[in-house]
Amino acid sequence: WPENGCVRELVNKSGFYRSNSYLTVSYEEINCGNMVDTKLIAKIIDILMEKTKKTRVELSYLYTCLSEMMENTLSHAYEEYKIEEKFWYLSMKIGKDRIYFIFLDTGDGIPKTINSKLFDKIPFFSSQSKLLLSALRGEERTRTKQDNRGKGLPDIYKMATESVTNMKILSNKACYNLNKNNDLLSEFKGTLYYWEIEI
């Protein structure tokens, strides 16, 4: 904790504290974790079932995608840093006619952690946004090159195109569904997902 009392109070109020304990879903604070938190995801699904009147099967895509986002944070996001504690942050807010989600990891970012090909390094042919879209579409971008890997981002892409509205992904200079998927001028550190589910 910061020694300065004002700063400590600000950090505490922000909700960006780190905890290994299970946090209940709150519409005011940000949940964070350093593991795939299946209890938290199940709680979110329960709330969505109540608000949207959809079944658990209809919302199973969200379980898959949140698990994947959490797993990616643990397995890929912090390769450059080589640190032990790898945190993700998740916020859900219920509005009048829709539910808003933000998921964040502050790691290396998708364009820096996927498998690059030779032409990706030539700016004329490629951009970070094209790399991100390629990874989302499942175009052989997994670093392990194993057949059973590289399916998580395509699941997120499927959610973006079929199940939720207004999905945006920022990662390094890459963006999806923002600025017509052109690269950002300044680099965003990590990966941020934003999406909405209609009630």
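Six strands build an open sheet in the order β1-β2-β3-β6-β4-β5, with antiparallel pairing. The edges are formed by β1 (31-33) and β5 (174-176), each of which pairs on one side only, and neighbouring strands are turned by 15 degrees against each other on average, direction ignored. This is a predicted model, and the points below describe the strands and helices of this structure in turn.

**Within the sheet**
- Strand β4 (residues 165-172) and strand β6 (residues 188-198) run antiparallel and are joined by 6 bridges.
- I169 stands opposite Y193, a residue of β6.

**Helices lying across the sheet**
- Helix α2 (residues 38-52) lies across β1, β2 (88-94), β3 (98-105) and β6, and runs at about 15 degrees to β2.
- Helix α6 (residues 152-162) lies across β4, β5 and β6, running at about 145 degrees to β4.

- Buried residues of α2 are L40, I41, I44, I45, I47, L48 and T52; because they cover an arc of only 165 degrees around the axis, they are on the same side of α2.
- An α-helix has 3.6 residues a turn, so residues three or four places apart point the same way.
- The buried residues of α2 are covered by elements including β1, α3 (60-75), β2, β3 and β6, whereas the face turned away from the buried side of α2 carries the exposed residues K39 and E50.

Key. Residues numbered from 1 in each chain as written. Predicted model: local features only at pLDDT ≥ 70, side-chain atom pairs only at ≥ 80, totals over all residues. Heavy atoms only, no water. Pairing = 2+ DSSP bridges. Helix = DSSP H or I, 4+ residues; strand = E, 2+ residues; numbered from the N terminus. Axes fitted to C-alpha atoms, helices over the stretch in contact; angles between N-to-C directions. Contact = heavy atoms within 4.5 Å. Buried < 20%, exposed > 50% of the residue type's maximum accessible area, 1.4 Å probe, protein only. Arc of directions from axis to C-beta.
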